[in-house]
Amino acid sequence: MKSRVYFTRVITPERVVDIYRKLGVELPGKVAVKVHTGEQGNQNFLRPEFWKPMVDAVRGTVVECNTAYGDASSGVRDHTDSHRRLLVEHGWTRYFDVDIMDAEGPDVVWPIPKGKVLKENRVGKNILRYDSMLVLAHFKGHPAGGYGGALKQISIGCASSAGKALIHSAGRTADRLKTWTMHASNVAFPEAMADAAMSVAEHFRGNIAYINVMKNLSVDCDCCVVAEDPCMQDIGILASTDPVAVDQACMDLVIRSDDPGRDHFLERVNSRNGMHTIEAAAELGYGSREYELIEF
């Protein structure tokens with residue numbers, strides 16, 4: 001059977017809850033809600049007010065992890081203290097309990113026996129506090145991965161600082177100060193993301209759901225201090241229990257769009273071999289590129 005992907009062109013906080021309900025899932029126990037809380041200076045990230053009805057609906061805890069920046073000019077989320085100050089500045093702690101999952105070590109190390117390039121994934125140990133996960137992704141471009149969606153949120157997004165270094169270097173180093181001189185090729189890097197995403201998807205199998213919001217469609221990620229303004233009009237919200245299908249559906253909506261900014265967006269995706277993350281994830285078998293798009 002094809003994976004089901006629900007789609008609405010209406011982008012409101014209430015519509016996010018509606019599309020989640022369409023999935024017909026009830027996430028059990030303590031729910032981790034993975035969002036991108038935005039780098040200092042970034043103008044495109046989706047604000048906590050937008051996500052609040054959805055997080056409240058599942059009584060979730062917002063979760064993040066520290067980054068693996070190599071220098072201070074890249075942002076402030078690479079150290080727990082400055083990361084926490086930014087969470088306050090951006091308003092996340094005003095509305096939610098927020099857990100930086102790798103604030104204290106040691107990391108959880110999950111083996112990836114069938115990985116294409118990674119043998120293990122390193123995630124913040126606090127991930128073990130949660131029974132289920134809701135992945136709320138702001139779909140947009142990315143300077144290294146080409147695009148960012150559900151697969152990025154559960155790979156780079158859930159990895160600890162050391163885990164991010166492993167992914168970016170395709171397993172060659174867990175030292176964030178070295179990873180940027182050892183960055184993987186545009187084949188190995190998307191495959192490493194697919195590997196890492198698999199470990200998280202498998203950990204929460206049956207208790208994880210994915211929502212992608214196609215709004216503020218910049219070629220740059222919310223991790224960028226200086227991000228390019230959006231180049232396309234907003235498209236809508238998509239949801240699925242399959243991370244591969246929901247990302248593929250988003251890319252197909254971009255490809256089929258007649259928006260004048262489409263080619264610029266796709267140049268970013270294709271120049272970084274971004275579709276290979278989806279291809280590799282499908283080959284690993286934890287999702288499908290074949291889907292049924294159900295619009296409401």
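1. Helix α8 (residues 188-203) passes α11 in a right-handed crossing, where right-handed means that the near helix is turned clockwise from the far one by less than a right angle, and left-handed that it is turned anticlockwise. Helices (H or I, at least four residues) and strands (E, at least two) are DSSP runs, numbered from the N terminus. The axes of α8 and α11 come within 8 Å and cross at roughly 45 degrees. Axes here are lines fitted to C-alpha atoms, for helices over the stretch in contact, and angles run from 0 to 180 degrees between N-to-C directions. That angle makes α8 oblique to α11; angles under 35 degrees count as roughly parallel, over 145 as roughly antiparallel, 65 to 115 as roughly perpendicular and the rest as oblique.

2. The model is predicted: local features need pLDDT of at least 70, side-chain atom pairs count only at pLDDT 80 or more, and totals for chains, interfaces and linings use all residues. Residues are numbered from 1 along each chain as its sequence is written, and side-chain values use heavy atoms, with hydrogens and water left out.

3. On the α8 side, Pro-190, Glu-191, Met-193, Ala-194, Asp-195 and Met-198 meet His-276, Thr-277, Ala-280, Ala-281 and Leu-284 of α11, contact meaning heavy atoms within 4.5 Å. The residues of this contact divide into 7 nonpolar, 2 polar and 2 charged. In this division Ala, Val, Leu, Ile, Met, Phe, Trp, Tyr, Cys and Pro count as nonpolar, Asp, Glu, Lys and Arg as charged, and the others, Gly among them, as polar.

4. Helix α11 (residues 275-284) also packs with α9, at an angle of about 150 degrees and with the axes 10 Å apart. The two helices are therefore roughly antiparallel to each other, and their crossing is left-handed. Val-244, Asp-247, Gln-248 and Met-251 in α9 meet Met-275, Ile-278, Ala-281 and Ala-282 in α11. The contact holds 6 nonpolar residues, 1 polar and 1 charged.

5. The open sheet has 8 strands in the order β4-β3-β2-β7-β10-β11-β1-β12, with mixed pairing; two strands pair if DSSP finds at least two bridges between them. Its edge strands, β4 (98-100) and β12 (291-295), each pair on one side only. From one strand to the next the twist averages 25 degrees.

6. Strands β10 (residues 208-214) and β11 (residues 236-240) run antiparallel and are joined by 5 bridges. Tyr-210 has Ser-240 in β11 as its bridge partner. Helix α2 (residues 48-57) packs on the sheet, touching β2 (31-34), β3 (61-64), β7 (132-138) and β10, and its direction makes about 160 degrees with that of β7. Helix α9 (residues 243-255) lies across β1 (3-8), β10, β11 and β12, running at about 15 degrees to β10.

7. Two backbone details deserve a look. Most residues other than glycine have a negative phi, and most peptide bonds are trans. Arg-59, not a glycine, has a positive phi of about 50 degrees and sits in the loop between α2 and β3. A cis peptide bond, with omega about -5 degrees, joins Gly-105 and Pro-106; Pro-106 lies in the loop between β4 and β5 (108-111).

8. The chain has 11 helices and 12 strands. Its radius of gyration is 17 Å, close to the 19 Å that the globule rule gives for 296 residues, so the chain is as compact as a globular protein of that length. The radius is taken over C-alpha atoms, and the rule is 2.2 Å times the number of residues to the power 0.38.
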